[in-house]
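Work through the following exercises with the coordinates loaded. Each task is followed by a solution in steps.

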Amino acid sequence: MRTLVVIVTIVVAGLACGPAPRVDRTGRADTVAALTGDAAAGKAVYDANCGGCHGAQGKGGVGKSLFPEFNGLTNGEVATVVLNGQGLMGAKATLSDQQIADLIAHGRATFR
Ligand code: HEC
């Protein structure tokens, strides 16, 4: 009984904490989110840097499915993942702010 209480407490505490928050260590995510992306320009950026793992339509492959539309993430959250990486995905901080805004616009227009 005592063991059960301990296990339940740990599980509830874990659920309350939820997934680790996405932290932007670059300080660039807000800037990216404030930009207006060009979906047409973003297709080339996405295909070259993301499509190999996430698929041309964002439906996944090696990388997680981003369908539909980045799984409900805001532009700032997507930018944070791109700039900082997440789990097995490495950071893509060499992309410019505008390139990231563009690939986000491409995904919003295409992954649906
Ligand atoms: C080397 C393969 C790879 C590349 C290249 C890659 N990703 Fe990922 N991506 C992943 C993996 C794997 C995850 C899941 C990470 C985790 O949560 O453990 C992920 C997660 C994500 C997430 C979070 C999804 C969620 O629901 O939590 C977003 C957004 C994302 N990637 C966007 C992109 C974008 C945009 C690019 C291009 C700039 C890109 N990724 C390039 C493998 C990749």
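**Exercise 1. Determine how H3 and H6 are packed against each other, and which residues form the contact.**

Step 1. The axes of H3 and H6 come within 7 Å and cross at roughly 100°. Axes here are lines fitted to C-alpha atoms, for helices over the stretch in contact, and the angles, between N-to-C directions, run from 0 to 180 degrees. Helices are DSSP runs of H or I with at least four residues, strands are runs of E with at least two, and both are numbered from the N terminus.

Step 2. H3 and H6 are therefore roughly perpendicular to each other, the class for angles of 65 to 115 degrees; under 35 is roughly parallel, over 145 roughly antiparallel, and the rest oblique.

Step 3. On the H3 side the contact uses Ala39, Ala41, Gly42, Lys43, Val45 and Tyr46. H6 contributes Gln99, Asp102, Leu103, Ile104, Ala105, His106, Gly107 and Ala109. Two residues are in contact if their C-beta atoms, placed from the backbone, lie within 7 Å.

Step 4. Sorted by class, the H3 contact with H6 holds eight nonpolar, four polar and two charged residues. Nonpolar covers Ala, Val, Leu, Ile, Met, Phe, Trp, Tyr, Cys and Pro; charged covers Asp, Glu, Lys and Arg; the others, Gly among them, are polar.

The model is a predicted one, in which local features need pLDDT of at least 70 and side-chain atom pairs count only at pLDDT 80 or more, while totals for chains, interfaces and linings use all residues. Residues are numbered from 1 along each chain as its sequence is written.

**Exercise 2. Describe the surroundings of Leu103.**

Step 1. Leu103 is placed in helix H6.

Step 2. Leu103 counts as buried because 29 C-beta neighbours lie inside 10 Å. The cut-offs are 20 or more other C-beta atoms within 10 Å for buried, 12 or fewer for exposed, and in between for partly exposed, with C-beta atoms placed from the backbone.

Step 3. Setting aside residues up to four places away in sequence, Leu103 touches Gly42, Val45, Tyr46 and Cys50. Lys43 is 60 residues from Leu103 along the chain, yet their C-alpha atoms are separated by 6.2 Å.

**Exercise 3. Identify the residues at the centre of contacts in the largest nonpolar core, and the elements that supply it.**

Step 1. A nonpolar core is a set of buried Ala, Val, Leu, Ile, Met, Phe, Trp, Tyr and Cys residues joined through C-beta atoms within 7 Å.

Step 2. The largest such core has 16 residues, and Ala79, Val82, Ile100, Leu103 and Ile104 touch the most other members. The elements giving two or more residues to this core are H2, helix H3 (39-49), H5 and H6.

Step 3. Beyond four places in sequence, Ile100 touches Val32, Ala79, Val82 and Leu95.

**Exercise 4. Is H5 mostly covered or mostly open, and what does H5 pack against?**

Step 1. H5 is mostly covered, with seven of its ten residues buried. These are Asn75, Val78, Ala79, Thr80, Val81, Val82 and Leu83.

Step 2. The buried residues of H5 pack against helix H2 (29-34) and helix H6 (97-110).

Step 3. Gly85 follows H5 and has a positive phi, near 80°. Leaving aside neighbours within four places in sequence, Gly85 is in contact with Gly90 and Ala91.

**Exercise 5. Characterise the shell around the ligand.**

Step 1. The shell has 21 residues, of which the closest are Cys50, Cys53, Gly63, Gly87 and Met89. A residue belongs to the shell if its C-beta atom, placed from the backbone, lies within 6 Å of the molecule.

Step 2. Helix H4 (51-54) and helix H5 (75-84) each give two or more residues.

Step 3. The shell divides into twelve nonpolar, seven polar and two charged residues.
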